[in-house]
Amino acid sequence: MDFNDTPQEAAFRGKVRDWLPKYVTPRRKTRPRARSEFDATEELKKSKSWQARKADAGYAFIQWPQEYGGRGSTIEAIIYAQEEAAFATPEDFFVNSSFIGPTIMNYASEEVKNRFLPKMLRGEEIWCQLFSEPSAGSDLAGVRTRAEKNGDQWVVNGQKVWTSFAQHADWAVLVTRHDPTVPKHKGLTYFLLDMTTPGVEVVPIKQISGASHFNEVFLTNVRVPDSFRLGEVGGGWGVAITTLMNERFSTGRDLRPDAEELLKLVQQLKIDGQPAIQKSAVRQQLVDLYVCSQGIRNIQFRTLTALSKGQPPGPEASILKLVNANKYQQISNLGMDLQEMAGIITDPAEVGDNVMFQNGYLQSPGLRIAGGTDEIMRNIIAERVLGLPQDVRVDKAVAFNELP
Ligand SMILES: Cc1cc2nc3c(=O)[nH]c(=O)nc-3n(C[C@H](O)[C@H](O)[C@H](O)COP(=O)(O)OP(=O)(O)OC[C@H]3O[C@@H](n4cnc5c(N)ncnc54)[C@H](O)[C@@H]3O)c2cc1C
């Protein structure tokens with residue numbers, strides 16, 4: 001691995017550095033906002049116009065192939081992300097699109113790709129992921145939402161839950177069970193769903209932070225054209241895994257606060273009248289977390305090197321997801337602890353930059369669950385990275401409708 005920019009990469013970095021300050025303000029000059037200050041409708045408008053601006057300049061979804069509007073370069077994607085991280089950009093409503101896009105590229109017809117990918121790239125359509133259900137999260141292959149064929153349409157009935165951004169989404173990816181008489185992984189079919197279809201009801205879930213990031217989604221006699229099926233009838237599991245692998249890699253992105261923000265915080269704080277940075281217990285934790293951040297960056301580079309050789313994100317994306325979400329929580333919690341009573345001040349006028357520790361404190365537990373929990377990531381690492389024996393799966397060969 002070579003961590004230095006090639007001349008071509010340095011030229012690209014230079015262009016991005018010239019372009020960004022024309023449209024966004026450096027992060028250090030802006031005050032991070034508390035969750036309660038977000039007006040999702042306003043943020044969505046800003047996000048859409050920022051995404052369109054990036055698309056016009058050739059900086060949207062840079063890792064996508066050129067034929068779909070990207071630059072076909074994962075290295076340029078990471079360079080852009082590194083540079084953009086220094087600026088206060090609008091909320092990212094496109095995180096779903098960034099990993100749903102590759103699934104459409106892999107499985108859809110040219111007609112379907114041309115219908116969806118350009119609008120996704122420009123932020124004209126928002127996507128959500130209708131996978132989890134009240135009794136199927138970690139065990140995604142256990143979904144019960146039924147899809148029954150009726151002519152050239154499917155009729156879908158069931159309930160999804162924890163669907164991020166469903167209340168803003170125009171389209172969704174949907175995993176259903178079309179055949180309950182075969183083992184659970186074999187009876188699944190995957191669709192693209194227009195969220196304005198009659199029978200789709202979205203009910204926001206209020207979170208501890210006051211925001212409603214995710215939703216319940218009820219599907220009653222929802223009609224989906226067969227032309228919006230991705231993959232074969234019964235091939236939904238493979239399509240879902242493609243989406244999940246891309247999602248896990250995207251969860252390995254840089255999250256703030258990171259070790260740099262923690263360092264800034266401990267440089268400002270005092271403990272028992274002494275600068276916090278001089279306390280050996282604080283220094284020890286700071287160094288551990290810094291080392292962890294660097295390890296994550298190296299795994300990101302390793303995965304990107306594989307991606308730039310045309311290989312999809314593999315099970316190592318699970319290592320990235322597991323370690324990154326835990327580090328995010330440890331840094332946020334430590335930041336809150338060190339601030340003592342000041343950590344719980346929520347008045348935006350008083351809290352200053354340290355609001356990012358509060359935001360992280362509230363959001364990080366969710367990140368350890370979304371896209372696959374810590375335990376599921378550990379199972380994948382054990383079985384697919386370390387080659388340890390598989391968990392006992394008694395339901396693997398049993399018809400879904402015969403499971404207790
Ligand atoms: C912030 C957030 C956003 C989300 N966004 C979406 C979204 O947009 N779309 C969507 O479809 N879903 C979304 N989810 C749902 C998420 O994918 C599920 O919550 C997750 O997969 C876990 O499923 P569950 O909640 O049903 O927990 P369960 O699967 O019931 O797990 C409960 C506990 O049992 C453990 N467990 C389960 N199976 C095993 C096993 N085999 N070995 C060891 N331990 C096990 C789990 O680790 C967990 O601790 C989101 C969740 C969060 C928190």
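In this predicted model, helix 9 packs against helix 11, which spans residues 355–367. Their axes lie 8 Å apart and meet at an angle of about 145°. Two packed helices are described by just these quantities, the angle between their axes and the distance between the axes. The crossing of helix 9 and helix 11 is left-handed. Helix 9 brings K321, A325, Y328, Q329, I331, S332, N333, G335 and M336 to the contact. Helix 11 answers with a list that includes F357, Y361, P365 and L367. By class, the contact of helix 9 with helix 11 has 8 nonpolar, 9 polar and 1 charged residues.

Helix 9 has another partner. Helix 9 covers residues 316–338, and its axis comes within 9 Å of the axis of helix 12, residues 374–385. Here the axes cross at roughly 145°. The crossing of helix 9 and helix 12 is left-handed. From helix 9, E316, S318, I319, K321, L322 and N326 take part. They meet D374, M377, R378, I380, I381 and V385 in helix 12. This contact has 6 nonpolar, 2 polar and 4 charged residues.

Some atom pairs can be followed one by one. A polar backbone atom of S132 is 2.7 Å from an oxygen atom of the ligand. S138 uses its side chain: a polar atom there lies 2.6 Å from a ligand oxygen. In the side chain of N379, an N or O atom is 3.1 Å from a nitrogen atom of the ligand. On its own the ligand has 980 Å² of accessible area, and the protein covers 66% of that.

Last come some backbone details. Most residues other than glycine have a negative phi, and most peptide bonds are trans. The bond between R256 and P257 is cis, with omega about 5°. P257 sits in the loop between helix 6 (236–251) and helix 7 (259–268). N221 has a positive phi, near 50°. Its place is in strand 9, residues 214–225. D272 has a positive phi too, near 50°. D272 belongs to the loop between strand 11 (270–271) and strand 12 (274–275).

Methods. Residues numbered from 1 in each chain as written. Predicted model: local features only at pLDDT ≥ 70, side-chain atom pairs only at ≥ 80, totals over all residues. Heavy atoms only, no water. Axes fitted to C-alpha atoms, helices over the stretch in contact; angles between N-to-C directions. Helix = DSSP H or I, 4+ residues; strand = E, 2+ residues; numbered from the N terminus. Left-handed = near helix turned anticlockwise from the far one by under 90°. Contact = heavy atoms within 4.5 Å. Nonpolar A, V, L, I, M, F, W, Y, C, P; charged D, E, K, R; others polar. Polar contact = N/O pair within 3.5 Å; in protein donor to acceptor, adjacent residues only side chain to side chain. Areas by Shrake-Rupley, 256 points an atom, 1.4 Å probe, with all protein chains shown as cover.
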